[in-house]
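Below are some notes for a colleague who has the sequence and the structure open side by side. They are meant to be read with the model on screen, point by point.

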Amino acid sequence: MTKWVFTHARGHEKIPITVYWETPFKLVAKHGAKIVGRLVWSYVDDVTGKRNASADWVTVIPEYRRMGIARTMLRVFFANKKLRRVEWLTAWTGSEIEQTGGYDLYLQLGFKEMCVCKDYYAKGIPTRMIAIKIGKGRSNKLDVHIK
Ligand SMILES: CC(C)(COP(=O)(O)OP(=O)(O)OC[C@H]1O[C@@H](n2cnc3c(N)ncnc32)[C@H](O)[C@@H]1OP(=O)(O)O)[C@@H](O)C(=O)NCCC(=O)NCCS
């Protein structure tokens, strides 16, 4: 099983993080035996026949945020061979999610806002649909640079 390992330095402390595919549709990030992040994705059921995918859940537990874990999981995800024929990758960020930096994370990787839906997850929670082209013409911001 391929594992990606990187070390986050916090003061004198070194925190090694391992990212790997637990199932074909679920990535986990671990610090030792502790699961500190997850990414769950799916194919979008696109009636036009195009192969698109969605990053459905990207979460990192609060005490492990701002260490680059979500960015690493997304980059490992983008390198997944299953996405080879996928044209667009989408994600949804509701206003609550955006309070933790979810939108900034995706913008940093080159995602663009497509639309904002009123009451998408629940009444009073406007939600952005964001997307990035990952087939031909993909952004090189998505490449994995992890040793
Ligand atoms: C959003 C979330 C996944 C970010 O995880 P993370 O591991 O802390 O993110 P990273 O450390 O990889 O951050 C990568 C970049 O995203 C942006 N970012 C992340 N958190 C941010 C915040 N709180 N404020 C502003 N920008 C932020 C920054 O550009 C950051 O790069 P930098 O640290 O070099 O400036 C995490 O806060 C979380 O689990 N939130 C709750 C669930 C959620 O919102 N999921 C995303 C939508 S499904």
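1. The shell around the ligand, taken by class, has nine nonpolar, seven polar and four charged residues. Please keep in mind throughout that this is a predicted model. Of the 20 residues around the ligand, the ones that come nearest are Arg 65, Ala 70, Gly 101, Gly 102 and Asp 104. At least two residues of this shell are supplied by each of strand E5 (52–60), helix H1 (69–78), strand E6 (88–94) and helix H3 (102–108).

2. Helix H1, one of the elements that supply the ligand shell, deserves a separate look. How many of the 10 residues of H1 are buried? Eight of them are, so the helix is largely enclosed by the rest of the structure. The buried residues are Ile 69, Ala 70, Thr 72, Met 73, Leu 74, Val 76, Phe 77 and Phe 78, and Ala 70 is also among the residues that come nearest to the ligand. As for what they pack against, the buried residues of H1 meet strand E1 (3–10), strand E2 (13–23), strand E3 (26–31), strand E4 (34–44), E5 and H3.

3. The loop between E5 and H1 contains Arg 66, a residue with a positive phi of about 60 degrees although it is not a glycine. Is Arg 66 buried or exposed? Arg 66 has 10 C-beta neighbours inside 10 Å and therefore counts as exposed, since the cut-off for that class is 12 or fewer.

4. The strands form an open sheet of eight, in the order E1-E2-E3-E4-E5-E6-E8-E7 and with mixed pairing. At the edges stand E1 and strand E7 (112–117), each with a single partner strand, so that one side of each is left without a neighbour in the sheet. On average, and with direction ignored, neighbouring strands of this sheet are turned by 25 degrees against each other. H1 packs on the sheet, where it touches E1, E2, E3, E4 and E5, and the direction of H1 makes about 40 degrees with that of E4.

5. Two pairings can be followed in more detail. E5 and E6, by contrast, run parallel and are joined by two bridges; Ala 53 has Leu 89 in E6 as its bridge partner. Although E1 is touched by H1, E1 is hardly covered, and the count of buried residues among its eight residues is zero.

6. For the chain as a whole, the secondary structure comes to three helices and eight strands, which follow the pattern β-β-β-β-β-α-β-α-α-β-β along the sequence. The radius of gyration is 16 Å, close to the 15 Å that the globule rule gives for 147 residues, so the chain is as compact as a globular protein of that length. Along its principal axes, the C-alpha trace spans about 50 × 35 × 25 Å.

7. Two further values for the chain complete these notes. Buried residues make up 23% of the 147 residues. Among contacts between residues at least 6 apart in sequence, 50% join residues at least 24 apart.

How values were computed:
Residues are numbered from 1 along each chain as its sequence is written. This is a predicted model: local features need pLDDT of at least 70, side-chain atom pairs count only at pLDDT 80 or more; totals for chains, interfaces and linings use all residues. A residue is near a molecule or strand if its C-beta atom, placed from the backbone, lies within 6 Å of it. Helices (H or I, at least four residues) and strands (E, at least two) are DSSP runs, numbered from the N terminus. Ala, Val, Leu, Ile, Met, Phe, Trp, Tyr, Cys and Pro count as nonpolar, Asp, Glu, Lys and Arg as charged, and the others, Gly among them, as polar. A residue is buried if 20 or more other C-beta atoms lie within 10 Å of its own, exposed if 12 or fewer, and partly exposed in between; C-beta atoms are placed from the backbone. Two residues are in contact if their C-beta atoms, placed from the backbone, lie within 7 Å. Two strands pair if DSSP finds at least two bridges between them. Axes are lines fitted to C-alpha atoms, for helices over the stretch in contact, and angles run from 0 to 180 degrees between N-to-C directions. The radius of gyration is taken over C-alpha atoms; the globule rule is 2.2 Å times the number of residues to the power 0.38.
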